[in-house]
Amino acid sequence: MKKMPFLLSTLLITAALAGCAEKETSSQPVEAAQEPIDLQEEVGAYKEFAIEQMNEFVLETEKFTEAVKSGDMEKAKELYPLARMYFERSEPIAESFGDLDPRIDARLADIQEAGQGEEDWSGYHKIEYGLWEESTTEGYAEVADQLLMDTKELRARVETVDVTPDLMMTGAVDLLNEVSTSKITGEEEIYSHTDLYDFQANIEGAEKIFRILEPEITAKDQTLTENLEAKFEALYALLDEHRIGENGFVSYEELTAEDTKQLSEAVNQLGEPLSQMGIIME
Amino acid sequence: MTSTDEKWLEKKISRRSMLKITGASAAGAAVLASGMGGVAKAFGFDILEDDATAQNKVKFYGKHQSGITTDTTTHVYFASLNVLVGSQSELQELFKTWTPLAVRLMNGEQLEEASPGVFTPPDDTGEAAGLDASNLTLTFGVGPSLFANKKFGLSAKRPSELNELPHFPKDQIADQFSGGDICIQACADDPQVAFHAVRNLVRAASGKVTLKWTQTGFTSTPKEKDKKATPRNLFAFKDGTVNPSPKSDIDMNEVVWVQPNESQSWMASGTYLVVRKIQMHLETWDRTSLKAQEDTFGRHRDSGAPIGKKNEFDEVDLDSKDATGNPHISADSHMALARKVKDRILRRGFSYASGLIDETGAYDAGLLFISFQKNPQQFINIQNALGRADKLNEYITHRGSGVFACFPGVQKGSYIGEKLFSAF
């Protein structure tokens, strides 16, 4: 399709378009023409959040692995989805470690896709298999020990992550994409069917990023903030329909096709405005 | 919907709409510079012009919407949408948003003028870049469910003839291919252009509409002696031989266009779109003898002539008999049954091939039947006449269905569907 020729007129002198005009005349990227926005504080706040989540993740994983090792099936099953939520909330950070992330969170299918065998499988989902599929904790003590060690290593290495505004904004959208591609199909927790816990945590992780950036977003475009508020609210309301007990969710198997379709649509409707958060950089 | 959403619609200062406003001004400046006229504003949205210089372009503005009597294109992307917004003003806003986008799409232009920022996704999804308008047409309509929804306060505007289609014999209509509050029929001579149009209209309305069902279709028009011949369906029979001529105003006013006082005033110069997703059982058809195939339709396959005649357009004589005294055309053939009805419709059929049916491994292929008529009853009468008797029923199953009131055409300065909201 053809583009209308770009003409400069007095109507067009806006910051956004000035940047574009720059692009028309030179090969400089758009942002080069602009005063970079200072988001040091926001980046710091997000890192703090990630570390906080990781601290909790280590503590909860410790409880979980203890339950596994002491053979307390009930306790282990109860702790499993809750402990994972801390990980899921801060996934954009955990994902930056290409080696640790799979050791903690790989599904058997991921391992096999990478051309490896079951013997290379470790982490949460391996224990999930034991708990729900084999109904045992026996033989999982070593896996539990390794998981705790990996978790602690992850926590230690989070300090070293170079958090950037781009990582935050891309991360928020990635958290949603994670939901649309694997949570919504129930592929993430194929034995425990605790996908809705991960789902909730991913959305909370995305919301946290939005909250940190909210003042900047509002300053640029208040309607975007209002729209995001409404879409987060709508999605949480849908998730609430599937709650059970104080902080639990029903098994993913109980959802009807209509339920998952509704959830999926609400995620997509949140995703569009969420992807506009980048305006604060322009 | 919350009050924040309404506020959000009123204030048109979001980045996306800012870009559109400033972008449109850029287009305006460009248009002025090249002497094609200016861009004005009305109702708070941009008024864009048909670009007379665009290649393979169909006009957006006119008495009637495009995609109805326009020449049939080789591809269609049909989409049925449900509306998520909760008030009439938001619904109006939706059509206002779509209007300048539709003009641009039909001009073969990108939805953004200036280069987008790099930290947000581009406004135009981009896959039609480098392609021309490809005779894209966009036809918008509204279904009975929109009028039934009290939130929109449109029940008094529902034309009495607009109702969900009745159940016809042998129908196996699935909810996943039926109904919808709004339809967009995007036809183009390029499948990517047609898809791009719907994708971008739906995306620009994110959170306000949701896709209910969609179907792609294709058709090819052979040429005979340099003249366009009747296209064939997937059973290889000519489809549309008795179609009224879209070039004839008399025919169209009689068959397709709602005349003043024939319906609600907002429907004048509009029409009704009936869509049916009809699965054709190719496997069973392909093991049917040629004679049985021809008896099913009542026509010869290759020539398209009525059985016993030579040429496609030879007069149909249901009483003619063969040497043994049997009628040439059996009484339960598709054609014989269809011809008993006086009603006429304008058909714009497309074939579809959408992979396989999971349960059976059979082709999921058939006819995306689209017809236009000034009253859905015309279609209903024909379909009822085919009834259980139609020999063709053995080879087809109706899976999807929809009926939509298509607005009259848009005048420059107005927006799609404006009369629905303004006329009393």
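# Chat about a predicted two-chain model

Guide: The end C-alpha atoms of residues 230–410 of chain B lie 30 Å apart, and the span is 20% helix and 23% strand. Helices (H or I, at least four residues) and strands (E, at least two) are DSSP runs, numbered from the N terminus. This is a predicted model, in which local features need pLDDT of at least 70 and side-chain atom pairs count only at pLDDT 80 or more, while totals for chains, interfaces and linings use all residues. Residues are numbered from 1 along each chain as its sequence is written, chains are lettered from A and ligands numbered from 1 in the order in which they are written, and side-chain values use heavy atoms, with hydrogens and water left out.

Visitor: What does UniProt place at residues 230–410 of chain B?

Guide: The unreviewed entry has the feature "domain: Dyp-type peroxidase C-terminal" there. UniProt positions are in the numbering used here, feature names are shortened, and annotations may be inferred rather than shown by experiment.

Visitor: Switching to chain A. How many helices and strands?

Guide: Chain A has 12 helices and 2 strands. From the N terminus, the order is α-α-α-α-α-α-α-α-α-α-α-β-β-α.

Visitor: And how much of chain A counts as buried?

Guide: 54% of its 282 residues. Buried means under 20% relative accessible area, exposed over 50%, and partly exposed in between (1.4 Å probe, protein chains only).

Visitor: Take α3 of chain A. What should its 17 residues span?

Guide: At 1.5 Å a residue, helix α3 (residues 73–89) should span 24 Å, and its end C-alpha atoms are 25 Å apart, which agrees. The expected span is 1.5 Å times one less than the number of residues.

Visitor: Where is the kink in α3(A)?

Guide: At A:Tyr80, shortly before the proline A:Pro81, with a value of about 30°. The bend at a residue is the angle between axes fitted to the seven residues ending there and the seven starting there. A:Tyr80 and A:Pro81 are among the buried residues of α3(A).

Visitor: A:Arg89 is in that helix too. Buried or exposed?

Guide: A:Arg89 is buried, with a relative accessible area of 13%.

Visitor: Which side chains does the side chain of A:Arg89 make a polar contact with?

Guide: One is A:Gln53, at 3.1 Å. Another is A:Glu204, at 2.7 Å. A polar contact is a pair of N or O atoms within 3.5 Å; within protein, one must be able to donate a hydrogen and the other to accept it, and residues adjacent in sequence count only if both atoms are side-chain atoms.

Visitor: What else does A:Arg89 touch?

Guide: Leaving out residues up to four places away in sequence, its contacts (heavy atoms within 4.5 Å) include A:Phe49, A:Leu175, A:Ala201 and A:Gly205.

Visitor: Back to chain B. Where is B:Asn163?

Guide: In the loop between α4 (144–148) and β5 (182–188). B:Asn163 counts as partly exposed, at 38% relative accessibility. Its side chain makes a polar contact of 2.9 Å with the side chain of B:Arg158.

Visitor: And B:Glu49?

Guide: B:Glu49 is in the loop between β2 (45–47) and β3 (75–83) of chain B. Its side chain makes a polar contact with that of B:Lys412, at 3.2 Å.

Visitor: Last topic. What is phi at A:Ser135?

Guide: Positive, about 55°, although A:Ser135 is not a glycine. Most residues other than glycine have a negative phi. A:Ser135 lies in the loop between α7 (124–134) and α8 (141–158) of chain A.
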